[in-house]
Amino acid sequence: MIEIRDLSKRYGPTAAVDALSFDIRPGAVTGFLGPNGSGKSTTMRLILGLDTPDSGQALIGGRRYRELRWPLREVGALLEARAFHPGRSARSHLAALAASNGIARSRVDEVLSMVGLESAAHRRAGKFSLGMAQRLGIAAALLGNPRALLLDEPVNGLDPEGIRWIRDLLKSLAAEGRIVLISSHLISEMALTAERLVVIGRGRLLADTTVAELSARSASLEDAFFELTSGEAEYRTLQGRTS
Amino acid sequence: MTAIALTRAPRGRYGLAQAAHMEWIKLRSLRSTWWTLAITVAGTIGIGIAVGISTRNAADDLTNNALAGVVPGLLLAGVLGVLTMTSEYSSGMIRATLAAIPRRRLVLAAKAVVFGSVMLGVGELASFISFFAGGATLGHGIAAPTLNQPGVLRAVLLSGASFCLVGLIGVGLGAIIRHSGAAIGVMVGGVYVAATFIGDIARGISVYTPIIIVGNSLSTTKQETCGGSAGNCPHFLSAWAGLGMLCLYAAVALAIGGWLLARRDA
């Protein structure tokens with residue numbers, strides 16, 4: 001289980017994450033929803049120890065990320081597409097990450113074929129399309145066969161086939177008893193993939209519920225989301241969101 | 001997908017060996033690494049040969065002449081050192097690296113060990129080839145220096161080591177500044193331009209700048225006397241004191257870089 005406890009983080013005058021607490025449990029895909037700038041990515045960076053919280057903590061199986069013995073074998077993360085050197089091949093990028101956590105080299109080819117990048121494995125990753133870069137990021141997250149997966153906008157740039165593939169993959173990984181958290185602002189995608197939902201706005205928790213429960217509150221999951229986040233969005237068009 | 005229980009992690013914990021293995025794969029898998037190293041070696045040797053050909057005075061420090069390409073060659077070593085760190089930030093790779101190795105000082109230590117070792121090997125290669133090539137191209141009946149003459153082996157070895165140390169200063173600066181352009185600017189400006197500038201206004205201090213140390217302390221076989229104008233000649237550091245200063249600079253740059261890396265958000 002991943003426990004977020006009273007987590008706060010400010011960047012200058014803005015509170016990106018504000019006294020946030022929730023649990024991410026194994027066995028079900030948890031969707032992480034919120035408007036742009038609501039603190040989803042910051043929360044993920046705080047879980048991974050990339051940013052240091054001002055207060056509170058995030059625990060993975062009772063331990064902080066920095067205390068994990070083999071981090072990539074416990075948590076696989078996709079934070080941004082293109083978190084790789086553009087001059088390096090996909091295979092070398094994954095081989096370097098595998099070496100850092102004592103992961104067998106054979107696993108590199110395994111994940112490359114899982115995400116469908118075998119034929120592009122030797123090409124410079126800087127030439128990849130967004131969809132291919134996203135697949136490489138997913139391959140990196142799967143590399144250590146981790147018990148927990150944190151994926152920020154995993155369907156970004158994927159074609160319809162890729163979207164269905166990642167949806168089925170995440171569901172099967174959760175069914176194996178893993179922790180799966182995916183952030184997105186695509187509510188329709190969440191409705192198809194996630195079972196549980198954590199909704200935040202302005203860094204604060206708005207709902208920790210299930211897709212079924214939230215959908216039942218309103219005409220649709222999308223309507224329920226807008227009711228929940230009204231007044232909580234950091235950026236919004238003048239006409240309002242329902243026009 | 002196999003069951004989770006089948007892939008339990010091995011005992012122990014990641015450490016310097018794993019981090020260094022990762023850094024080695026990163027360094028060798030970039031074509032730009034090999035190009036830069038090849039140009040560094042070729043440029044260093046080329047300048048040594050050119051100076052060898054144009055040497056007419058047998059009383060010159062012939063070893064120092066053959067190693068004339070070392071100071072320009074160091075520029076690339078320093079820039080490559082900067083880039084091993086800053087390219088992680090410009091590409092976003094740093095977050096993947098730190099997620100894999102959350103003990104951040106270990107990441108910097110691994111980079112320093114791997115890059116420092118590669119640069120030491122490449123530097124010694126460039127230094128020794130320059131020495132022999134520069135000696136072989138001497139004309140005008142001047143005999144080539146040999147390694148068993150006083151101070152010669154020391155000058156060649158320490159010149160090679162300076163590639164490693166200036167490279168490590170670059171790695172440290174890269175970790176401190178994080179931005180490629182700015183860090184390269186500080187590297188080139190601080191190590192090269194400032195040395196010339198300081199040399200003009202305060203000769204006593206200029207002997208502590210890295211390129212004066214390399215050019216006038218590490219790569220010489222005898223005390224530099226500025227060709228006779230002794231009254232105006234600064235007191236250059238001895239070879240070993242110069243080596244100590246360069247080690248100190250590299251250690252300080254890496255220590256500050258490591259402290260900032262551990263402290264700042266990635």
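**Briefing: strands, contact and confidence in a two-chain model**

Strand β1 of chain A, residues 2-11, pairs with β2(A) in the antiparallel sense over 7 bridges. The structure is a predicted model, and the predictor assigns the complex an ipTM of 0.93 and a pTM of 0.92.

**Sheet of chain A**

- Within β2(A), V17(A) is the bridge partner of K9(A).
- The strand order β2-β1-β4 (chain A) describes an open sheet of 3 strands with antiparallel pairing.
- Its edge strands, β2 (14-24) and β4 (55-60) of chain A, each pair on one side only.
- On average, neighbouring strands of this sheet are turned by 20° against each other, direction ignored.
- Helix α1 of chain A, residues 40-47, lies across β1, β2 and β4 of chain A and runs at about 115° to β1(A).

**Contact between the chains**

- Chain A contributes 38 residues to the contact, and chain B contributes 32 residues.
- On the side of chain B that touches chain A, at least two residues come from each of α1 (16-28), α2 (31-54), α4 (70-91) and α5 (93-100) of chain B.
- That side of chain B comprises 18 nonpolar, 8 polar and 6 charged residues.

**Confidence in chain B**

- The average pLDDT of chain B is 91, and 94% of the residues score at least 70.
- Confidence in chain B is highest in α1(B), at 98, and lowest in helix α9 (residues 203-206) of chain B, at a mean of 79.
- Residues 1-6 of chain B have a pLDDT below 50; this stretch has 8 contacts in the model beyond near neighbours in sequence.
- Where pLDDT is low, predicted coordinates should not be read in detail.

Notes
Residues are numbered from 1 along each chain as its sequence is written. Chains are lettered from A and ligands numbered from 1 in the order in which they are written. This is a predicted model: local features need pLDDT of at least 70, side-chain atom pairs count only at pLDDT 80 or more; totals for chains, interfaces and linings use all residues. Two strands pair if DSSP finds at least two bridges between them. Helices (H or I, at least four residues) and strands (E, at least two) are DSSP runs, numbered from the N terminus. Axes are lines fitted to C-alpha atoms, for helices over the stretch in contact, and angles run from 0 to 180 degrees between N-to-C directions. Two residues are in contact if their C-beta atoms, placed from the backbone, lie within 7 Å. Ala, Val, Leu, Ile, Met, Phe, Trp, Tyr, Cys and Pro count as nonpolar, Asp, Glu, Lys and Arg as charged, and the others, Gly among them, as polar. pLDDT is the predictor's confidence in each residue, from 0 to 100.
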